[in-house]
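User: Could you walk me through this model, starting with how one chain is divided up and then moving on to how the chains meet?
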Number of protein chains: 4
Amino acid sequence: MQKPGFKPIDNSQLAVRRIGVGMLGYGFMGKVHSNAYLKIPYSFANPPAWPVLVAMCGRDEARVTDVASRFGYGGIYTDWKRLIADPDVEIFDNCTPDDRHAKPSIAAARAGKHVICEKPLAMTVKDAASMVEAAQHAGVKNMTCFNYRFIPAVRLARQLIEQGALGKIYHFRGCYLQEPGHDPSAPLEDCWYATGTRSGILLGIGSHIIDMARFLIGDEVEQVYAAGGVMVDPEIGRAGDIDTTVITLHFANGVLGTIDNSRQAVFGYDQRVEVFGSAGMVGVSNNLPDTAVVSDAQGVHGSLPLFFFVERYTEAYIAETKAFVACVLNDTPPPVTGLDGRAPVVMGYAANKSYREKRPVKLSEVDIKPGA
Amino acid sequence: MQKPGFKPIDNSQLAVRRIGVGMLGYGFMGKVHSNAYLKIPYSFANPPAWPVLVAMCGRDEARVTDVASRFGYGGIYTDWKRLIADPDVEIFDNCTPDDRHAKPSIAAARAGKHVICEKPLAMTVKDAASMVEAAQHAGVKNMTCFNYRFIPAVRLARQLIEQGALGKIYHFRGCYLQEPGHDPSAPLEDCWYATGTRSGILLGIGSHIIDMARFLIGDEVEQVYAAGGVMVDPEIGRAGDIDTTVITLHFANGVLGTIDNSRQAVFGYDQRVEVFGSAGMVGVSNNLPDTAVVSDAQGVHGSLPLFFFVERYTEAYIAETKAFVACVLNDTPPPVTGLDGRAPVVMGYAANKSYREKRPVKLSEVDIKPGA
Amino acid sequence: MQKPGFKPIDNSQLAVRRIGVGMLGYGFMGKVHSNAYLKIPYSFANPPAWPVLVAMCGRDEARVTDVASRFGYGGIYTDWKRLIADPDVEIFDNCTPDDRHAKPSIAAARAGKHVICEKPLAMTVKDAASMVEAAQHAGVKNMTCFNYRFIPAVRLARQLIEQGALGKIYHFRGCYLQEPGHDPSAPLEDCWYATGTRSGILLGIGSHIIDMARFLIGDEVEQVYAAGGVMVDPEIGRAGDIDTTVITLHFANGVLGTIDNSRQAVFGYDQRVEVFGSAGMVGVSNNLPDTAVVSDAQGVHGSLPLFFFVERYTEAYIAETKAFVACVLNDTPPPVTGLDGRAPVVMGYAANKSYREKRPVKLSEVDIKPGA
Amino acid sequence: MQKPGFKPIDNSQLAVRRIGVGMLGYGFMGKVHSNAYLKIPYSFANPPAWPVLVAMCGRDEARVTDVASRFGYGGIYTDWKRLIADPDVEIFDNCTPDDRHAKPSIAAARAGKHVICEKPLAMTVKDAASMVEAAQHAGVKNMTCFNYRFIPAVRLARQLIEQGALGKIYHFRGCYLQEPGHDPSAPLEDCWYATGTRSGILLGIGSHIIDMARFLIGDEVEQVYAAGGVMVDPEIGRAGDIDTTVITLHFANGVLGTIDNSRQAVFGYDQRVEVFGSAGMVGVSNNLPDTAVVSDAQGVHGSLPLFFFVERYTEAYIAETKAFVACVLNDTPPPVTGLDGRAPVVMGYAANKSYREKRPVKLSEVDIKPGA
């Protein structure tokens with residue numbers, strides 16, 4: 001139908017650099033990442049650049065088609081080898097379960113795709129090492145998804161530490177307490193095996209705060225002492241994992257760190273870090289869903305932290321995907337590297353060994369020498 | 001080029017209800033609303049529904065084309081009469097300057113379009129009344145954009161008051177302090193005339209807190225006393241407006257209110273409300289850009305409130321457009337009506353008269369009887 | 001009995017300057033002040049000086065003896081004329097009910113005693129004026145007990161304003177909300193008459209925030225507009241007072257102020273002030289009984305403000321009496337003067353007139369010219 | 001001189017139970033305790049009871065006389081054996097340096113005096129054990145001064161845990177960071193020897209948070225792992241102590257704890273605890289000197305925590321001495337026992353051994369069996 005005065009815009013003629021995204025995985029994180037690409041502001045690059053959702057890949061054709069169509073993907077694949085062969089795919093986004101990250105990421109890097117992969121990077125130190133090496137060898141961009149680094153308060157904390165505003169740093173303190181029921185991506189059956197195919201408390205949720213410690217301190221951990229127990233749910237114990245841990249970190253530069261992890265936080269989702277230096281300290285606390293405070297005859301009441309990490313960190317996921325697209329666009333190093341993904345895997349293994357052997361463990365005891 | 005294994009998705013075949021949006025205005029608020037429609041989550045309606053950006057309209061073809069293409073509009077118009085004649089447009093979104101709201105909104109309603117219009121609704125009580133009547137007569141949906149009603153803390157506060165959790169309400173307190181330099185949508189030349197064609201402090205920024213007072217108390221103001229002066233910038237005084245005001249509100253139900261407005265807030269953008277009742281009080285404070293707190297030898301330091309209303313209320317604008325699309329979709333009443341837009345115009349005029357005549361003024365002194 | 005090695009200390013030989021206090025009133029405030037004198041740290045002056053509780057005075061010999069003995073007074077009087085004739089009394093502390101302040105304070109000043117008197121200074125502008133003049137004429141120290149000036153946060157706020165840290169000041173905001181039941185010194189029968197012998201809401205609790213406004217802004221109010229009503233308790237209305245007020249203050253220097261007062265605050269005892277300037281703002285909020293915060297499945301919960309003003313402001317009362325003793329000791333001007341006591345009486349009357357006549361009232365309409 | 005109408009009060013005839021206090025030590029803590037006895041409210045007991053400051057004891061007659069006279073002591077001794085022989089002394093308050101606590105406390109208990117002793121109780125496990133046994137054998141009241149137990153927020157936290165409001169407890173977290181320069185009682189020369197005659201970081205400031213952990217969890221620690229280092233001041237290292245420690249606590253009931261201690265906190269005096277349970281968590285944070293918050297163009301600024309423990313915990317010291325006087329008066333058990341003083345000594349030794357041997361250490365490795 002003709003519409004008087006209407007001047008159509010031919011989108012395909014716009015001078016926009018389009019960056020093709022191929023998504024492996026249509027589950028929870030696949031949706032989170034897909035949404036994040038769509039929410040990157042149009043004006044983020046100059047000249048303009050848009051990520052284009054080329055294809056989503058998964059084994060169940062009906063389900064992957066359903067999810068892909070809701071996010072506007074151009075099409076789907078049911079075989080990831082086909083996805084990484086697609087010439088329109090520049091960015092390979094790996095949102096598979098933790099124990100299936102390695103093979104497709106390595107193949108995609110070898111096929112010349114830039115690789116962004118969810119955390120924990122791998123279930124074994126060996127896999128993590130291979131993934132890092134494959135990307136390095138292929139010369140592609142390679143990023144591990146530690147979305148907390150993109151939380152504004154965390155960035156501000158790192159900036160202050162780098163600028164020396166806190167003086168000489170001597171202590172890191174962090175916690176990550178989480179109710180499994182609050183987080184649909186972390187059903188018990190998926191995450192409690194400490195030594196099995198899925199990431200337990202030390203490799204899984206623990207990796208977030210391990211990454212925060214490395215990122216904020218800007219140094220490597222040499223030794224850990226992990227205490228822990230089954231304090232929350234006997235089922236977790238029967239499955240071979242623990243639900244409560246306290247880890248002491250010994251950094252190479254002498255800084256001490258403490259990390260608390262728990263599968264229990266009935267009051268929400270408790271993720272806080274503090275860094276202490278000779279000139280001051282910075283604390284990052286939980287963000288809240290609203291700023292309302294109610295005072296009544298019983299006390300002063302505020303809302304609980306945002307329970308579910310997706311709504312809590314929506315903006316962090318957008319910032320994360322934007323950062324990766326930008327580093328592909330501008331050929332700059334990614335803000336979180338494959339090595340950053342590898343380090344918490346080593347540390348998770350060392351912590352696990354410390355817990356089982358009831359003694360401090362050096363990371364060199366469990367690490368694989370690069371090239372070995 | 002053929003891609004082995006690639007199964008394309010034909011987007012046009014998806015069972016999605018598409019709702020056409022026609023945008024009048026390509027300036028600041030036009031961009032904010034356009035962005036908000038794009039960010040409405042795909043899954044917000046069941047069966048699925050998507051707003052479609054049909055056309056943007058503005059007099060300068062080159063500039064409107066530039067803006068429209070960045071948001072993916074299908075095309076543009078340079079004459080708003082053509083825009084409201086477009087059969088694909090269901091929602092007419094009016095983002096013109098404050099003093100040009102009336103005519104297009106009335107015409108759009110008469111053309112059977114659902115009308116969403118920025119605040120303040122109009123520059124005169126008469127215009128505001130005509131706009132409300134046109135929409136009522138045409139039976140279209142009609143919403144005024146008071147985005148603060150969509151802030152989570154404000155919604156929670158209203159809910160508590162409605163549920164009686166605060167008992168019998170007796171006092172409202174609110175403030176809106178804003179540095180003009182922080183807000184690109186409020187250059188001085190656009191907003192300081194109290195009695196001219198643009199909205200001054202009492203009609204303009206004042207309308208937000210006036211709306212909060214009516215929304216939270218759930219009752220109408222009968223009388224106001226406004227004090228004020230030029231405390232910040234003599235230029236504002238020379239232009240005929242004031243930059244600092246204190247308004248006492250007398251509600252019909254006996255509740256008392258106080259509103260402070262200022263064009264000065266070097267520390268950010270200060271918008272807080274408190275409501276007091278026999279069983280408690282609720283306060284809504286400023287939201288912050290981050291949760292970092294730094295302690296050093298000088299004190300304990302937090303970040304300033306988010307300065308710029310667009311980044312501060314991004315989510316509120318998305319919730320607002322989503323709510324209007326939903327009420328069109330489901331044929332339900334809009335959460336903020338044309339009458340809600342009209343009331344602050346009447347109150348702004350009464351406050352202005354009170355300030356000039358140095359006495360309390362009843363709203364009935366300045367209002368137009370419906371139908372008069 | 002002799003005690004080997006024991007060397008007694010002869011207290012009367014110590015080189016300590018003893019300052020005799022005569023207390024009129026053994027009720028609530030009499031106890032608060034007596035306790036405050038005892039808690040002044042021994043080391044506050046150099047050379048050492050101690051206030052000595054010479055005598056307490058009240059008409060009921062048995063009751064005044066009972067109270068006086070608990071605080072270690074040397075003796076009692078039942079006639080205040082005898083108390084002010086006691087040569088050991090240097091400081092006359094007037095803790096009688098509000099409507100009986102004038103006569104003894106004037107007589108004590110004429111007898112050469114330094115006079116400290118509870119707020120509100122008097123029930124009439126005329127009495128307040130006479131009290132100020134008597135002290136000025138006699139050349140004695142004269143202080144009105146506005147204890148809030150001795151709260152650390154208030155002192156800090158005043159200091160910042162004086163130093164210019166907030167720039168040019170343009171707005172004051174304050175509130176005083178109080179449950180009568182929480183405060184044994186304010187039984188309803190004692191305080192609700194706005195125009196009777198006792199101080200109503202505008203003269204009584206209102207005087208605290210009026211004093212804060214004058215103290216923090218450092219200027220005089222010229223005009224007030226008071227709105228109000230009976231929103232809390234019909235009994236208060238039947239007794240001729242109101243229980244809720246909102247006052248707009250017009251300062252001589254152009255600063256605007258808003259004061260809210262209420263006889264209702266089920267959540268505690270709500271006394272907050274905020275001052276806004278061109279370079280920043282300072283807020284003073286309620287102090288809390290503890291720093292514990294509990295998070296459970298319902299939310300984040302803190303304790304209510306300290307309910308009862310005596311435990312909340314114990315330290316402020318000690319600082320207040322210490323300041324008066326120090327100004328007697330060092331012959332310096334008191335930090336709160338008789339004129340500071342007189343001003344809120346004038347303002348309370350003007351606010352009352354404004355409320356009754358429903359119009360802004362200039363203070364000059366109700367004031368007595370000095371010397372008239 | 002006769003004073004007409006004056007009726008003296010004969011203080012000695014009042015029906016007051018007087019409890020004699022003998023103070024050993026006239027240094028910093030001797031003054032703090034003396035002041036606390038004087039500030040116990042007169043009405044705390046019914047029938048009335050007053051602590052009476054009988055005598056202060058110290059070797060330097062001139063200096064002890066000077067201090068004693070400022071607090072109103074009846075006299076002085078220069079030999080503590082004479083002090084504990086004084087029949088008027090009921091309470092023996094031991095404020096000597098940490099390494100001289102044992103002998104006088106043991107002797108006083110044998111002489112039938114009730115003994116209150118500053119923390120840390122002793123410098124060796126053996127001394128601590130002997131002190132506890134002496135008091136038990138003599139049947140006197142015996143209290144160790146852990147003043148933090150008397151902070152309102154800590155009491156509230158313990159109460160909530162006891163009531164089960166937090167469910168099953170699984171984690172304790174605490175810190176104690178202190179600038180030596182801020183605290184006149186802790187000059188470097190007095191406190192940095194970990195193994196010498198004075199208490200180092202693990203026995204000294206560490207004992208406060210160790211006590212908090214035991215008090216709040218209500219259970220005993222079985223094993224500790226301590227990491228640490230010299231991060232702040234090389235002088236501390238040269239003197240044989242460390243200035244930064246992280247201790248992992250393994251409680252008998254399975255609860256895990258973490259304690260951070262540091263001799264550095266340029267931002268004040270940082271003492272916080274958190275306890276986590278299956279139904280919620282409670283946090284106790286630093287109390288502040290005022291409630292003022294300043295917002296300017298740089299940010300939002302609050303005051304630092306109260307730096308100096310005496311002004312910060314004045315009320316806690318009063319509550320502590322009051323509690324001991326009350327338990328003597330009413331023949332009830334003291335709220336903090338000798339055993340509570342002994343436990344942190346054992347734990348401090350175990351932590352020290354863990355730090356030196358770089359392995360977890362069971363308390364039973366360093367403890368002395370009662371009776372051994």
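Analyst: Before the domains come up, one definition is needed: domain bounds come from an automatic or database domain assignment. Please also keep in mind that this is a predicted model.

User: Fine. Which domains is chain A divided into?

Analyst: Chain A is split into domain 1, covering 11-146, and domain 2, which is made of 149-309 + 338-365. The C-alpha centres of these two domains of chain A are 27 Å apart, and their contact takes 19 residues from domain 1 and 20 residues from domain 2.

User: What supplies the domain 1 side of chain A where it touches domain 2?

Analyst: On that side, α1 (28-39), α5 (125-138) and β7 (142-145) of chain A each give at least two residues, and the largest share, 6 residues, belongs to α5(A). Sorted by class, the side of domain 1 of chain A that touches domain 2 of chain A holds 14 nonpolar, 2 polar and 3 charged residues.

User: Staying in chain A, how many bridges are there between β2 and β3, and in which sense do they pair?

Analyst: Strand β2 (residues 17-24) of chain A pairs with strand β3 (residues 49-57) of chain A over 8 bridges, in the parallel sense, and within that pairing A:R18 stands opposite A:W50 of β3(A). On β3(A) there are also 3 bridges to strand β4 (residues 75-77) of chain A, again running parallel, where A:M56 has A:I76 as its bridge partner.

User: Switching to the sheet that involves chains A and B, what is the strand order?

Analyst: It is an open sheet of 7 strands with mixed pairing, in the order β1(A)-β4(B)-β3(B)-β2(B)-β5(B)-β6(B)-β7(B). The edges are β1 (7-8) of chain A and β7 (142-145) of chain B, each of which pairs on one side only.

User: And which helix of chain B packs on that sheet?

Analyst: Helix α2 (residues 61-71) of chain B packs there, touching β3 and β4 of chain B, and its direction makes about 165 degrees with that of β3(B). As for those two strands, β3 (residues 49-57) and β4 (residues 75-77) of chain B pair in the parallel sense over 3 bridges, with B:M56 bridged to B:I76 in β4(B).

User: Now the interfaces. How many residues of chains C and D are in contact?

Analyst: There are 50 residues of chain C in contact with 50 residues of chain D. On the chain C side, the elements that each supply at least two residues are β1 (7-8), α2 (61-70), β4 (75-77), α6 (152-163), β13 (280-284) and β14 (292-296), and by class that side divides into 26 nonpolar, 15 polar and 9 charged residues.

User: Which strands of C and D are joined, and are they parallel or antiparallel?

Analyst: β4(C) and strand β1 (residues 7-8) of chain D are joined by 2 bridges and run antiparallel, and C:I76 stands opposite D:K7 of β1(D).

User: How many residues of B and C are in contact?

Analyst: Here 28 residues of chain B are in contact with 28 residues of chain C. The chain B side draws two or more residues from each of β8 (169-178), β9 (221-229), β10 (244-251), β11 (256-262) and β13 (280-284), and its classes are 13 nonpolar, 11 polar and 4 charged.

User: What relates B to C?

Analyst: Chain B can be laid on chain C by a turn of 180 degrees and a shift of 0.0 Å along the axis, with an RMSD of 0.0 Å, and that is the relation of a two-fold axis. In chain B, the C-alpha nearest the axis belongs to B:R359, 3.0 Å from it.

User: Last one: at what angle do α8 and α12 of chain C pack?

Analyst: Helix α8 (residues 206-217) and helix α12 (residues 338-357) of chain C pack at about 115 degrees, with their axes 9 Å apart, and the crossing of α8(C) and α12(C) is right-handed. The residues making the contact include C:I210 and C:R214 of α8(C) and C:A343 and C:M347 of α12(C).

Conventions
Residues are numbered from 1 along each chain as its sequence is written. Chains are lettered from A and ligands numbered from 1 in the order in which they are written. This is a predicted model: local features need pLDDT of at least 70, side-chain atom pairs count only at pLDDT 80 or more; totals for chains, interfaces and linings use all residues. Two residues are in contact if their C-beta atoms, placed from the backbone, lie within 7 Å. Helices (H or I, at least four residues) and strands (E, at least two) are DSSP runs, numbered from the N terminus. Ala, Val, Leu, Ile, Met, Phe, Trp, Tyr, Cys and Pro count as nonpolar, Asp, Glu, Lys and Arg as charged, and the others, Gly among them, as polar. Two strands pair if DSSP finds at least two bridges between them. Axes are lines fitted to C-alpha atoms, for helices over the stretch in contact, and angles run from 0 to 180 degrees between N-to-C directions. A crossing is left-handed if the near helix is turned anticlockwise from the far one by less than a right angle, and right-handed if clockwise. Copies are superposed by least squares on the C-alpha atoms of residues with pLDDT of at least 70 in both.
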